Each structure stands twice: as structure tokens, then as C-alpha cells.
Amino acid sequence: MNRKQIIGAPQTGNKAEAFEAADDIPANPDLSRAIGSVIAARYGRRDMLKGMLGVSAAAALFGAPALTAARQASAAAAAARSRYVFDELEAGVDETHHVAAGYDADILLRWGDPITADAPELDVMNQSAEAQLQQFGYNNDYVGFLPLNAEGSRGLLCVNHEYTNEEVMFPGLGRQDKAEFTGMTKELVDIEMAAHGGSVVEIARNADGKWHVVRNGKLNRRISPLNTVMGIDGPAAGHPRMQTSADPKGREIIGTLNNCAGGMTPWGTWLMAEENFHGYFWTDQLDADGEPDVTGQAEARQMQRYNVPSMWYAWGKYHDRFDITKEPNEVNRFGWVVEVDPRNPEARPVKHTALGRFAHEGAETTLSPDGRLVIYMGDDARFEYVYKYVSDGAVSEDRAANSRLLSKGTLYAARFDPDGSLHWLPLVHGHGPLTAANGFASQADVLIGARLAADALGATPMDRPEDVSPRGDGTAYVMLTNNSKRKPGQTDAANPRAESDFGHIIEIKEENGDHAATRGRWSILVQCGDPGIAAVGAQWNPDTSENGWFASPDNSAIDAGGRLWVATDQGRRWDKTGKSDGLYGVETEGSLRGHSKLFFRCPVGAELCGPYFTPGGETLFLAVQHPGTDGTRNLKGFERDSTFEDPATRWPDFDPQMPPRPSVVAVTRQGGGKIAI
């Protein structure tokens with residue numbers, strides 16, 4: 001999931017806006033150059049304006065066109081046969097969240113909520129870094145849950161904080177000038193740094209089934225790029241390219257950032273995936289067009305391949321380590337997977353370099369039949385790759401030994417062949433083209449430049465690989481969000497649509513049901529978008545209702561019953577569908593394969609993250625981030641960017657003195673029971 005309303009792309013000269021959104025930055029420049037200019041023709045869309053909303057200004061309510069009676073009957077019959085037992089929610093867009101009938105969706109944690117006994121309450125007009133380091137961070141993304149008792153009524157919530165939206169976070173700021181950051185002081189920069197990273201929060205369930213924060217929980221803590229010291233292990237630890245003036249040994253890093261999706265290990269540690277790290281790096285060296293100039297840098301090839309610096313933030317103006325001219329190696333220390341032990345606040349988080357460096361969307365874990373750890377990962381950018389990591393050893397009851405499994409293993413990139421076969425290509429120094437002659441002098445070089453290594457091996461460039469959710473039977477589901485930059489002539493069997501604003505989902509079947517296998521088969525589960533518009537090229541089970549189809553699959557989860565749940569992130573594109581982002585149950589088997597039902601939807605401008613089920617399946621945690629920001633220019637009746645003073649919604653507080661606040665939602669069944677069963 002990318003930062004959609006970019007804060008800090010360079011704007012100089014006559015450029016009104018360098019990029020409309022972060023995911024407009026091409027992550028694979030070689031492919032982007034080959035693709036060439038944008039095709040002017042766009043998919044048509046219906047006029048779906050149907051009413052007006054009472055947001056902070058009048059806003060449009062989108063609705064679906066009427067279904068025929070025959071299709072309604074068919075969809076109703078399919079819904080009755082579905083394994084997802086709930087009455088489907090009606091799709092739409094408005095200022096608040098909605099959940100299927102018979103369920104409660106309660107706000108559990110909001111940005112700025114105190115999470116320690118001594119933390120102050122949020123004072124939006126008088127924020128400070130010191131306060132933020134004791135409060136729940138911004139833009140909650142991945143959510144994991146670690147039970148603390150056998151009943152699962154107490155546990156630790158582990159939450160990533162991906163990025164900040166300064167325009168609705170700070171009063172009087174608005175959207176920044178992307179070249180000068182004239183409104184961003186060091187004080188504000190430090191606050192937003194403190195709001196990044198992650199939170200560990202103890203929660204408990206009341207007798208009525210509702211969850212609450214245990215504010216005096218001894219394990220509650222914040223992790224941030226401002227002050228959290230982390231170790232480095234694996235092949236790149238100590239390598240000269242990891243060394244800086246502050247860390248000449250290359251074995252210690254301050255913080256983690258842009259933590260998107262993630263995972264929980266079988267031994268109860270939390271994996272935080274670092275995604276769009278390139279956006280945090282800065283330079284005052286600009287070319288004649290006012291763009292960042294890295295031609296004089298020793299690592300120019302690497303920086304260009306990773307779009308460094310993208311200058312979304314002003315951090316480099318006040319912290320030298322984010323200025324590539326002053327500390328060119330600092331960028332190599334981000335883009336990894338970080339392991340955190342939620343049950344031990346004294347344990348230093350560790351960046352595991354064996355898992356490769358790229359824009360990690362997630363790090364979902366599973367086991368092979370022989371007990372080895374397997375981690376599936378997507379590189380969330382256009383034309384990037386799907387990866388998996390397989391440990392050398394097997395998981396045991398020794399937690400310390402298990403963490404070492406993340407240091408010794410093999411990283412693979414996926415090649416999706418036209419005949420439906422899947423090949424996992426090992427990113428191993430000396431294998432094929434991964435030699436010193438091609439710029440890979442060691443395994444550290446292979447992993448620091450994992451994108452370049454996957455390029456050399458011939459992995460398949462995909463349409464923004466996001467979450468990859470494995471199931472215990474050797475199946476995994478790959479979320480491919482969209483790729484409007486893929487042009488005719490650049491499509492392939494695994495990415496069949498040009499200029500796809502809607503994305504698709506690929507199902508992987510590993511050979512012999514073994515997640516550690518190096519071969520398998522693949523197929524497309526669904527091609528997303530409106531099946532009623534022929535030009536979209538959507539493919540769903542024909543009994544999917546008008547409410548059930550979606551666009552831009554992003555996060556996903558497999559519940560205890562093996563069912564697939566998909567959360568969406570349309571960014572600026574929700575006006576192409578008339579639907580806010582939400583959570584859908586997607587059938588993967590039998591006659592209903594490719595059938596989807598809407599269970600939850602977000603307020604306007606928000607993206608849905610998570611989702612995560614408690615072990616008993618009685619609670620579903622969802623993360624709603626950046627409410628009121630994405631695509632509000634396209635909201636009829638609002639048609640402008642949200643600001644602190646004038647947001648498109650004030651969810652979840654609806655307090656005229658409070659801006660919108662990213663929040664974690666706890667979904668439970670009224671009267672108790674499992675979700676959708």
C-alpha cells in the first residue's frame with residue numbers, strides 16, 4: 001500500500017505537482033522507459049451520482065445501477081450457498097464506517113490515544129514528539145494479535161504505523177510545497193518521526209465481549225525511527241555498504257519506517273515490513289529540471305533502481321542521516337523486515353537482511369511439511385516481484401534458535417510462466433548471473449540490491465505485488481493492486497490487462513503442497529473491477545452481486561476455516577468504482593470460486609488494512625488509515641484536498657475541533673460467536 005497523496009515530491013520550475021500520488025513513481029525504471037508514454041484513452045465510468053452526503057461539505061453518494069430481477073435472484077441464491085455466513089453490506093461512499101448486519105465495529109485505538117500509564121491525552125493544537133512517543137502512532141496498517149492467556153481474552157496488539165498525512169495531522173499546514181517544505185519545522189518533523197514505526201498495546205476483553213486498552217500494561221511501548229535502536233543480522237550485517245559515520249561497524253540502526261503489512265512468526269514474534277523507504281531520503285542536489293541528481297553518487301545505479309531520493313518528507317533537512325549527500329549508505333539500512341519480540345521490551349528489534357531489501361508489503365509466515373519456516377513477500381511497486389524466503393533449519397520450541405532461522409535461508413523471486421507453471425529463482429551469490437562480473441561481489445550485494453538481482457534472474461514483473469497469504473495446504477494468494485503504467489504490448493499471462501486500475505488476485509499451488517518447493521502452478525482467481533463495464537475486463541463468479549465486486553486488492557488474511565478475506569486500497573481510484581475501500585470474503589473453491597461478498601466498508605478517503613482474526617475467530621481486527629484524504633478532489637461537492645481545518649470527514653470522533661484519526665476497529669458478533677460462521 002503506497003502513500004497515495006504524496007507529501008514531498010520535488011516541485012520546481014513550472015511543475016504544478018511532480019506526482020499526483022506516490023504509486024505514480026515508477027519503481028522499475030528500465031521497464032518504465034520501455035513502456036513509454038501514457039495512453040490517453042481511459043476506461044469509461046458510469047455517472048453514479050445519486051445523492052448528497054452530510055460530510056464537512058456536501059459530498060456525493062455513489063450508488064450501483066439497478067440489477068435485473070434475474071441477476072438479483074441468482075446473486076441471492078449464491079449468497080445463500082456461500083461459506084461466508086452474513087448478509088452482504090451495501091456498497092457506497094460516505095463519511096463513516098459500516099459493517100454487516102448483526103455485527104459491531106467498535107473503535108479500539110485512535111491516533112494519539114495514550115498507551116502508557118504516564119502518557120498525556122492527545123492535544124492536537126499542542127503536539128510534541130515526547131507525547132507522541134507515548135501515544136498510539138499514525139496511519140495504522142498491519143495488525144497482529146498475540147494472546148496472553150489460554151482463553152485469548154487478553155493479548156498484545158502489534159500495529160505498524162506506515163506514514164503520516166501532515167495536511168490533516170497539523171493545524172495550519174495544508175499541503176506542503178514539495179520542493180521547500182516551508183511549513184515543516186524540525187519540531188513537526190520530529191513529531192511525525194515519532195508517529196511512525198509501531199505500537200505494542202495490551203488489550204483485554206470485557207464480560208460483554210468488548211475490547212479495551214490496558215493502559216498500564218507493562219509491555220506497552222512505541223517503536224519509532226526517532227529513537228528505537230535496532231540490530232542487523234544476516235549476510236549484509238557489517239558490510240561496508242551498511243556502514244555510516246554514526247555506525248562505522250554497520251551493525252546498529254536507529255529505527256524503522258514506512259512499516260506497511262507484516263506477519264507473526266510461529267514462535268510469537270512480530271515481523272514489521274519496511275515498504276517505501278525511498279520517500280524519506282533527501283538531497284539539495286538537483287538537476288536542470290529540478291529533479292534529484294544522484295549521478296555523482298557511488299551507488300547511483302542502486303539509488304536509481306530504488307527511486308532514491310524521492311523526497312516525500314523534510315526529514316533530511318533536519319536529520320543528516322536522511323540526506324544522501326551526507327550519508328549515502330543510510331538508505332541501504334532500510335527496506336528490510338524487522339523482527340520484534342512483543343513480550344520482551346528489553347529485546348532489541350532486529351533487521352533480518354537475509355530476507356532481502358525492497359519495498360516490503362508483508363511478511364506472512366507458514367511452515368513446510370518438514371517444519372522449515374517460509375515467508376511470502378511482495379515488493380509493492382509497479383513491475384516489481386513476488387518473493388519468498390525458506391529457512392535452512394526447522395522451527396522448534398527454542399525461541400532464540402527460531403529467530404536465527406531468519407538469518408540462514410534462501411530468498412527466491414517468482415517467475416510466472418505462460419503455461420501456468422511457477423518457478424522460484426534463488427537469489428544466491430554465484431548462481432547464474434549473480435556474480436562479481438555483474439555487480440554482485442557477495443551475498444550481501446545480492447540482498448542489498450535484491451531488485452537488481454531479481455532483474456538479472458528474469459523474475460516476472462508484476463502489477464504491484466502486495467500481501468501474499470499462505471494457506472496450510474501449499475496454497476497462497478497474491479494480491480496485485482493495480483498498474484496503470486502497463487501498456488499494450490507489455491502484458492503477459494500473469495498480468496493480462498493493460499492500464500489496469502483495478503488489479504487481480506493470483507492463486508499459487510506449490511508442488512506437492514509444500515510451501516518450500518521451488519516449483520508450482522499458478523492461476524488467476526479474479527480480475528477485479530466492475531463486471532458491468534466490458535472495457536474493464538473484470539472476471540468474477542457470475543453470481544457476484546453488484547455490492548460484491550471490488551478493485552485494488554491489498555491486504556489479505558486466511559481465517560481458521562481456510563477462507564480468504566481481502567481488504568482493498570483504491571487510492572485515488574475509488575471514484576472509478578463508486579465504492580469506498582472495504583473487506584470482502586472471496587470464495588476460492590467449488591462452484592462459487594471467484595464469488596465475493598462485502599462485509600465492512602471504510603469512511604471516505606480511507607484505506608482498509610489488517611485484517612487479523614483472534615485464534616478463536618470471535619474478533620476481527622481492522623485498521624482504517626488516512627480517513628478523509630485519498631481522492632477527495634474527486635468527491636463531488638467537496639472537490640478539494642482535505643486539510644486539518646477542512647477535512648472530507650472527521651471520522652471517528654466527528655468532533656468539530658478534531659481532525660480525522662486513523663483507528664483500529666474491533667469487529668465482534670452481536671450476542672457472541674465466530675465471525676461469518
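**Hairpin, cores, sheets and rings in a predicted model**

In the hairpin of β27 and β28, five residues lie between the strands, and G562 among the hairpin's residues takes a positive phi near 80°. Strands here are DSSP runs of E with at least two residues, helices are runs of H or I with at least four residues, and both are numbered from the N terminus. The model is predicted: local features need pLDDT of at least 70, side-chain atom pairs count only at pLDDT 80 or more, and totals for chains, interfaces and linings use all residues. Residues are numbered from 1 along each chain as its sequence is written, and side-chain values use heavy atoms, with hydrogens and water left out.

β27 and β28 (residues 564–568) run antiparallel and are joined by four bridges. Two strands count as paired if DSSP finds at least two bridges between them. P553 has T568 in β28 as its bridge partner. Five of the six residues of β27 are buried, so this strand is largely enclosed by the rest of the structure. Buried means under 20% relative accessible area, exposed over 50%, and partly exposed in between, with a 1.4 Å probe and protein chains only.

The largest nonpolar core has 76 residues. Such a core is a set of buried Ala, Val, Leu, Ile, Met, Phe, Trp, Tyr and Cys residues joined through side-chain atoms within 4.5 Å. I375, M377, Y387 and L427 have the most contacts inside the largest core. Elements giving two or more residues to this core include α4 (166–169), α5 (186–195), β17 (372–378) and β19 (386–394). The largest share, six residues, comes from α5. I375 touches L271, L355, A363, E364, T365, Y387, K388, Y389 and L406, not counting residues up to four places away in sequence. Contact here means heavy atoms within 4.5 Å.

An open sheet of four strands has the order β4-β33-β32-β31, and its pairing is antiparallel. β4 (103–110) and β31 (607–613) stand at the edges with a single partner strand each, so one side of each is left without a neighbour in the sheet. Neighbouring strands of this sheet are turned by 25° against each other on average, direction ignored. β4 and β33 (residues 663–669) run antiparallel and share seven bridges. Within this pair, I107 stands opposite V665.

Another open sheet has six strands in the order β11-β10-β15-β14-β13-β12, with mixed pairing. Its edges are β11 (252–254) and β12 (259–264). Strands β14 (residues 337–340) and β15 (residues 350–352) pair in the antiparallel sense over three bridges. V338 has K351 as its bridge partner in β15.

The whole structure holds 26 aromatic pairs. Rings of Phe, Tyr and Trp (its six-membered ring) pair if their centres lie within 6.5 Å; planes under 30 degrees apart count as stacked, over 60 as edge-to-face and the rest as tilted. F550 and Y584 form a tilted pair, 4.6 Å centre to centre, with 40° between the planes. Both F550 and Y584 are buried. Ring pairs also link Y84, F86, Y103, W565, F599 and F613 into a cluster. K597 lies over the face of F86, at 4.3 Å from the ring centre. A charge sits over a ring if NZ of Lys or CZ of Arg is within 6 Å of the ring centre and within 35 degrees of the ring normal.

Key
Axes fitted to C-alpha atoms, helices over the stretch in contact; angles between N-to-C directions.
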